[in-house]
Amino acid sequence: MQKVPVATTLMDLAFDPVTLARLLDLSVDAIITVDDDEQIVQWNQGAEQIFGYPLANALGQPLSMLLPEIARRAHHQHVREFADSAELARHMGHRSKITGVRSDGEEFPAEASIMRLASAGRTYLTVVLRDISERERDDAARRFLVESGAQLGSSLDYDETVGRIVQLGVPILGDVCSVHVHGGEGQLDPMWSTPTLLVHPDERLNALVAADEACGRLEVGERIRSAMWVPLAAHGEFLGVMRCYARQRTLRDRDLALAVALGQRAALALAHSRMYADAQRASRSRDEVLAVVSHDLRNPLSTIAMCADALADPVAPDMADVRSMAGIICHSADWAQRIIRDLLDATSIDAGRLSLDRRAVNADTILSAARDLFITQADAAGVAIVTRGDTTLPPIHADSERILQIMFNLLGNAMKYTKRGGSIALEASLDEAHDAVRFRVTDTGDGIPSEHLPHLFDRLWQLGRAHRGGAGLGLAIAKGIVTAHGGTIGVTSIVGVGSTFTFTIPLARQTAYGG
């Protein structure tokens with residue numbers, strides 16, 4: 001049987017030029033043939049797609065136009081060495097990567113194979129080139145996300161985690177990145193809830209740049225070419241927004257996808273940092289409560305124990321002493337119960353579980369009840385209590401016992417620091433917005449130094465120990481109760497003149513007041 005000779009080149013195959021061109025065009029790789037002078041004589045559609053030159057603009061052009069200028073001389077030398085060698089082909093992976101240049105000047109990484117073909121006494125070199133920019137981008141993105149996960153997971157400090165997110169975004173995702181943390185106050189703007197890409201310097205982008213303090217790091221006159229943002233959410237909770245800005249390049253969908261992937265990891269890191277911070281606060285709170293129990297609760301219990309020992313003495317005390325010690329025991333027991341109640345209320349407020357039984361309540365009723373609670377004590381201390389309530393005020397929507405608890409705490413503090421001959425005024429009036437009643441407790445006591453005012457509503461903080469009679473939770477609890485009602489609380493004070501504590505409670509809805 002006669003053997004059929006094997007074709008040694010594509011050009012030796014029995015295909016007409018049109019069929020051969022169609023076969024070559026099936027390849028997504030660039031297939032380029034050059035002659036002895038390194039002029040392009042064959043150019044498939046893959047080459048058009050990769051380099052951006054149509055066939056008519058590529059034929060007859062030097063191969064060097066597809067290479068960076070800095071690499072052209074070395075590449076020409078490699079081509080000549082291959083042409084003169086005994087090798088017929090060098091395949092992808094057998095040589096280092098090369099860099100190509102598209103028609104718009106963009107450089108990209110590539111892998112190439114080269115083979116020598118002979119036809120009609122001439123030598124041709126055919127290059128099969130593959131654009132690996134997408135693959136390298138994918139590899140770089142995977143490495144970036146792995147490294148980002150490691151960095152974000154290396155610390156549980158909240159502020160440090162936010163800082164690392166910002167650092168990771170530059171320059172991979174943009175020239176400037178910022179993280180805006182959502183504190184949970186108010187409604188979430190819908191625009192931040194969806195990953196968004198802005199690729200034109202329009203009014204929306206300019207407004208975003210102007211409002212973002214992070215863009216202040218740009219040099220004067222620099223413009224943002226594109227921007228994107230992704231929401232940071234974990235475990236069903238919105239935590240914030242990561243924004244990225246690019247000056248020189250146009251951000252694309254693949255950049256947004258990478259930002260979303262980083263955002264997912266960043267959100268988990270933020271959530272873990274928050275949980276760790278919450279755990280730390282809970283631990284400190286527990287230690288504070290233990291300190292209160294070990295110190296403040298010891299005082300009334302010690303008093304009760306001493307009275308009990310005295311009553312158990314073999315020498316029976318007279319009836320007057322028995323009555324006196326019984327009164328001391330009752331007072332100490334009430335003191336201990338008050339401390340325990342404050343601790344329980346503080347715990348409920350921290351957990352967001354403070355119970356409220358809201359109803360329509362008249363403000364003057366609250367003032368009268370508060371005055372009745374302290375009138376005997378005030379008379380004994382020589383302090384006048386004056387009420388100034390407006391009987392025409394609309395009712396508030398409140399838990400009357402909780403509001404009285406606020407008044408009890410504020411009046412108790414006022415009594416401690418108001419000297420004999422002084423006075424305490426209890427007032428209620430409609431606030432400026434006509435949607436709440438503003439309560440005031442004003443004393444003529446010592447006043448509070450300005451440096452102490454920011455700490456007054458902190459837990460377990462007390463102005464001084466001379467008048468200490470509780471756990472240091474009264475004002476913190478008052479603030480928690482007011483906040484739970486949807487109101488606000490504050491204080492003004494002048495040393496030597498006195499202090500005014502003010503809080504607001506919303507009106508009952510069914511009594512809309514338009515006065």
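Modeller: By class, twelve nonpolar, five polar and two charged residues line the largest cavity (nonpolar: Ala, Val, Leu, Ile, Met, Phe, Trp, Tyr, Cys and Pro; charged: Asp, Glu, Lys and Arg; polar: the others, including Gly). The model is predicted, and local features need pLDDT of at least 70 and side-chain atom pairs 80 or more, while totals for chains, interfaces and linings use all residues. Residues are numbered from 1 along each chain as its sequence is written, and side-chain values rest on heavy atoms, without hydrogens or water.

One cavity of 30 Å³ or more is counted, and the space in the largest cavity is about 180 Å³. Among the 19 residues of its lining, Leu63, His75, Ile98, Ala112 and Val127 are the closest to the centre. On a 1 Å grid over the protein atoms alone, a 1.4 Å probe fits in a cavity but cannot get out, whereas a pocket is open with protein on both sides within 12 Å along at least five of seven lines; lining residues have an atom within 4 Å of a point. Volume is the space filled by probe spheres on the points, which are joined across faces, edges and corners.

Helix H4 (72-84) and strands S4 (98-101), S5 (107-119) and S6 (122-131) each give two or more residues to the lining of the largest cavity. Of these, H4 provides the largest share, with four residues. Helices (H or I, at least four residues) and strands (E, at least two) are DSSP runs numbered from the N terminus.

The second largest pocket holds about 530 Å³ of space. It is lined by 14 residues, and those closest to its centre are Arg137, Arg249, Arg254, Asp255 and Leu258. Helix H5 (133-152) and helix H8 (253-295) each contribute at least two lining residues, and the largest share, six residues, belongs to H5. The lining of this pocket comprises eight charged, five nonpolar and one polar residue.

In the first, the axes of helix H9 (residues 298-311) and helix H10 (residues 319-351) come within 8 Å and cross at roughly 155°. H9 is therefore roughly antiparallel to H10. From H9, the residues in contact (heavy atoms within 4.5 Å) are Asn299, Pro300, Thr303, Ile304, Cys307, Ala310 and Leu311. Their partners in H10 are Val322, Met325, Ile328, Ile329, Ser332, Ala333, Trp335 and Ala336. By class, this contact has twelve nonpolar residues, three polar and no charged.

In the second pair, the axes of H10 and helix H13 (residues 474-485) come within 10 Å and cross at roughly 45°, so H10 and H13 are oblique to each other. Axes are lines fitted to C-alpha atoms over the stretch in contact, with angles from 0 to 180 degrees between N-to-C directions; under 35 degrees is roughly parallel, over 145 roughly antiparallel, 65 to 115 roughly perpendicular, and the rest oblique. Here Asp342, Asp345, Ala346 and Ile349 of H10 meet Ile477, Gly480 and Ile481 of H13. The residues of this contact are four nonpolar, one polar and two charged.

Lastly, two points concern the backbone. Val170 and Pro171 are joined by a cis peptide bond, with omega about 0°, and Pro171 is placed in the loop between helix H6 (158-169) and strand S7 (176-181). Glu38, a residue other than glycine, has a positive phi near 60° and sits in the loop between strand S1 (30-34) and strand S2 (40-43). Most residues other than glycine have a negative phi, and most peptide bonds are trans.
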